[in-house]
Amino acid sequence: MAAEEGALLSVEGQSRIAAAVARAERGTAGEIRVVLSTRPLIDHGPHALLWAAVIALLAPWPLAFLLPLDVAKLLVIQGIFFLVLGALLALTPLGRRCVPAALERAAARHAALDHFLSFGIHQTRHRTGVLIFVALLEHRVEVVADEAIHAKVGTAAWEDVCARVLAGAREGRLVDGIEAGVAEAGRLLALHIPSVPGDTDELPNRPVVL
C-alpha cells in the first residue's frame, strides 16, 4: 500500500475518489464518505520495547552455555541487546510489526466509528450514510454504515466492500481499489435506498485526509 500512497494523496488521486463517490451516489439517496488516515492508529513504541526486552532476556542464554560468561557479562550483553533492538524497533517502521493484530484491528474499528460521528455521517436525513475508512500505515479498511442501510444490507456486504479496497491495494492500485469499494457501496445503497426527486448531496464527495 505504501507504494501507492503518494498517488492516493495526490490531487489527482483525491479527485478520482471524489468523482467515484459522485458516480456512486447518482442512483441513491444514500451518502458515502471516504476518510484516509496517514497517522498511526497505535503508538508502536511500548510494544516494540516490550518485545526488545523479552528477546534481550532470552537471546544471550545460548552464549552462557557455550562460553564462560559470568553474571556481570551476561547482564551487559542483555543490556546491549535491549538497547540496539529497542532502538531498531521503536524508531523504525519495523516496530509496527510488534503490535498484535487484534489490537490493531480494534483500533481501526474504533477510529472508524469515531470519524463516522465526528464528520456527521450519522446526521444524514434518512440515516443512510456510509463511511469507508482506510488506515494507510496499518493497511486496514473499515466500513461503518448508519442503522437504516445497515439493517437492510448486513455485515457481509460491507466486508465485501473492504475486500475490494484491499484487493486493489495488494496489486499496488489502491486508488482503483477505493473506487471499486465506493462503486460497490453505491450499488448496495441504490438497491435498497434509491434516489428520489429532490435529493440533495448532504456530505462532501472529496475524501478527508488525516
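Start with Trp 61, which lies in helix H4. This is a predicted model, so each stop below describes the prediction.

**Stop 1: the surface patch**

Keep Trp 61 selected. At 41% relative accessibility, Trp 61 counts as partly exposed, because that value falls between the 20% and 50% cut-offs. Together with Trp 61 they form a nonpolar patch on the surface. The accessible area of this patch is about 970 Å². Colour helix H3 (45-58) and helix H4 (61-66): each supplies at least two residues of the patch.

**Stop 2: the largest core**

Nonpolar side chains in soluble globular proteins tend to be buried together. Which residues have the most contacts inside the largest nonpolar core? Select Ile 132, Trp 158, Ile 178 and Val 182: these are the ones. The core holds 31 residues.

Then move to another core, which lies apart from the largest one and has 12 residues. Ala 111, Phe 116, Leu 203 and Val 208 are among them.

**Stop 3: from H2 to H9**

Show the charged side chains. The whole structure has 11 salt bridges. Pick Arg 16 and Glu 179, whose side chains meet in one of 2.8 Å, N to O. Arg 16 sits in helix H2 and Glu 179 in helix H9, so this pair ties together parts that are 163 residues apart in sequence. Compare the two ends. Arg 16 is partly exposed at 30% relative accessibility. Glu 179 is buried, with a relative accessible area of 17%, because buried means under 20%.

With Arg 16 and Glu 179, they are linked in a network of salt bridges.

**Stop 4: from E3 to H6**

Select Glu 142 and Arg 109. They form a salt bridge, with the closest N and O atoms 2.9 Å apart. The pair links distant parts of the chain: Glu 142 is in strand E3 and Arg 109 in helix H6 (residues 101-118), 33 residues apart. Is Glu 142 buried or exposed? At 13% relative accessibility, Glu 142 counts as buried. Arg 109 is partly exposed, with a relative accessible area of 33%.

**Stop 5: within H9**

Go back to helix H9. Select Arg 187 and Glu 184. Both lie in this helix, 3 residues apart, about one turn. Their side chains meet in a salt bridge of 3.0 Å, N to O. Arg 187 counts as partly exposed at 46% relative accessibility. Glu 184 counts as buried at 7%.

**Stop 6: the cavity**

Rolling a probe the size of a water molecule over the atoms shows where empty space is left. How many cavities of 30 Å³ or more does a search of the whole structure find? The search finds 1. The volume of the largest cavity is about 40 Å³. To see its lining, select Ile 42, His 44, Arg 96, Val 99, Glu 104 and Glu 138.

Pro 93 lies in the loop between helix H5 (71-90) and H6. Pro 93 is exposed, with a relative accessible area of 55%, because exposed means over 50%.

**Stop 7: two backbone angles**

Finish in the loops. Select Arg 127, in the loop between H6 and E2. Phi of Arg 127 is near 55°, a positive value in a residue other than glycine. Arg 127 is partly exposed, with a relative accessible area of 31%.

Then select His 139, in the loop between E2 and E3. Phi of His 139 is near 60°, again positive in a residue other than glycine. At 43% relative accessibility, His 139 counts as partly exposed.

Technical notes
Residues numbered from 1 in each chain as written. Predicted model: local features only at pLDDT ≥ 70, side-chain atom pairs only at ≥ 80, totals over all residues. Heavy atoms only, no water. Core = buried A, V, L, I, M, F, W, Y, C linked by side-chain atoms within 4.5 Å. Buried < 20%, exposed > 50% of the residue type's maximum accessible area, 1.4 Å probe, protein only. Patch = residues over 30% accessible without salt bridge, like charges linked within 9 Å, V, L, I, M, F, W, Y side chains within 5 Å. Areas by Shrake-Rupley, 256 points an atom, 1.4 Å probe, with all protein chains shown as cover. Salt bridge = Lys/Arg side-chain N within 4 Å of Asp/Glu carboxyl O. Helix = DSSP H or I, 4+ residues; strand = E, 2+ residues; numbered from the N terminus. 1 Å grid on protein atoms, 1.4 Å probe; cavity = no way out; pocket = protein on both sides within 12 Å on 5 of 7 lines; lining within 4 Å. Points joined across faces, edges and corners; volume = space filled by probe spheres on them.
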